[in-house]
Amino acid sequence: MRNDHGAMDTSRSQETTGQALMVAGSLLLGTLGVFVHESGQHPLMAVWARCAFGALALGAWALASGRLHELRLRGRALGAALAAGGLMVLNWSLFFAAMAHVPIGLATLVVHAQPFWVMALAALWLHEPVGRWQAGAAAAAMLGLVLASGVAGDGGGGLALGTGLAGGLLMCLAASFTYAVVTLTAKGAAGASPLALAWWQCLVGTVLLAGWPLVHGLPTAPSAWAWLAGLGVLHTGLAYVLMYEGMARLPAERIAVLQFVYPGAALLVDWAVYGQALGPLQSAGVGLMAVALWASRSRPAGAPGPRPWR
């Protein structure tokens, strides 16, 4: 009996620690948009910097934690990691570009519509069945997106749907689609750890976008470098450690719920830093999207395999 109680106490302690780590990582990620905006750099420059500093930070963590061997991938796993890395570079580029037209919090939430793309692609490619629960959640999320966009009118004080906002929302949807493709592509990297996938993603991005700073030049302001370094060291290196160390201690259903701390934090940060407030209908749309996303993850159609890093 003592052993049973001891095991239960250990399990609860593990979950409490895991929850705290994941919340801390999510809150940190909620400030990502501020770093992108305050850097004042072109989206491709911001993505390159995040990849370059992220690769250094993750490599240092792998070395310090004795996990450097995990970064060595071969064969199919390496091919899948390279493909996923290229797609994630596109994902980040679309996301960062969208934040010039869409409020940070709204952009973050729309990009998190990725589970519905995974559901659709899994049904088309893998012939996995789609239940009524998932279909209903997808329909509710689409309605929430329409309301959040402002196309139905915001009832006062919110964003008006214009060309810039519409284009930004389309970029967010495209980013969420590429993230879904990455999620399915990463299934081919069987045996590769999340650390390896994240590091290779950053390495691929550093190489693919190296031409941008070479052609357009590097930032000259020290403050710009501070914001850009933060994107890699804080939002990729430190956030990776916090999020995945937390996930390793939590059951899947708890992870699904806690993943909404990130977009929620982004909404609060956007309001606190930039005073970006949505109208009543847009706020209702954001809430409907959040509930629909939570519902879709609480009863998934199928496990998509190892998750790439956001």
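These legends walk through several close-up views of one predicted model.

**About the model.** Residues are counted from 1 along each chain as its sequence is written, and side-chain values use heavy atoms, with hydrogens and water left out. Since the model is predicted, local features need pLDDT of at least 70 and side-chain atom pairs count only at pLDDT 80 or more, while totals for chains, interfaces and linings use all residues.

View 1. Count them up and you get 14 helices and 0 strands. Helices here are DSSP runs (H or I, at least four residues), strands are E runs of at least two, and both are numbered from the N terminus. Of the 310 residues in the chain, 49% are buried; buried means under 20% relative accessible area, exposed means over 50%, and partly exposed is in between (1.4 Å probe, protein chains only). Take the contacts with a separation of 6 or more: 90% of them involve residues 24 or more positions apart. A contact here means heavy atoms within 4.5 Å. The accessible surface comes to about 13,800 Å², and carbon and sulfur atoms own 68% of that; such areas come from the Shrake-Rupley method with a 1.4 Å probe, and for residues only the protein chains shown count as cover.

View 2. The chain's mean is 82, with 85% of residues at 70 or more. Helix α3 (residues 43-64) comes out highest at a mean of 96, and helix α12 (residues 252-258) lowest at 69. Go carefully with residues 300-306: pLDDT stays under 50 there, and the model has 12 contacts for them beyond four places in sequence.

**View 3. H235 sits inside helix α11.** That helix covers residues 222-247. H235 is buried, with a relative accessible area of 0%. Its side chain reaches the backbone oxygen of L28 at 3.2 Å.

View 4. E70 pairs with R67, their closest N and O atoms being 2.9 Å apart. R67 also pairs with E245, at 3.9 Å between the closest N and O atoms. Partly exposed residues here include E245 at 27% relative accessible area and R249 at 26%.

**View 5. F96 belongs to the largest nonpolar core.** A nonpolar core is a set of buried Ala, Val, Leu, Ile, Met, Phe, Trp, Tyr and Cys residues joined through side-chain atoms within 4.5 Å. The largest has 80 residues, and L32, F95, F96, M99, F116 and L231 have the most contacts inside it. Leaving out residues up to four places away in sequence, F96 touches L32, V36, P43, A46, V47, R50 and L231. Another core, of 5 residues, lies apart from the largest one, with V118, L121, A180 and L184 among them.

Methods. pLDDT = per-residue confidence, 0-100. Polar contact = N/O pair within 3.5 Å; in protein donor to acceptor, adjacent residues only side chain to side chain. Salt bridge = Lys/Arg side-chain N within 4 Å of Asp/Glu carboxyl O.
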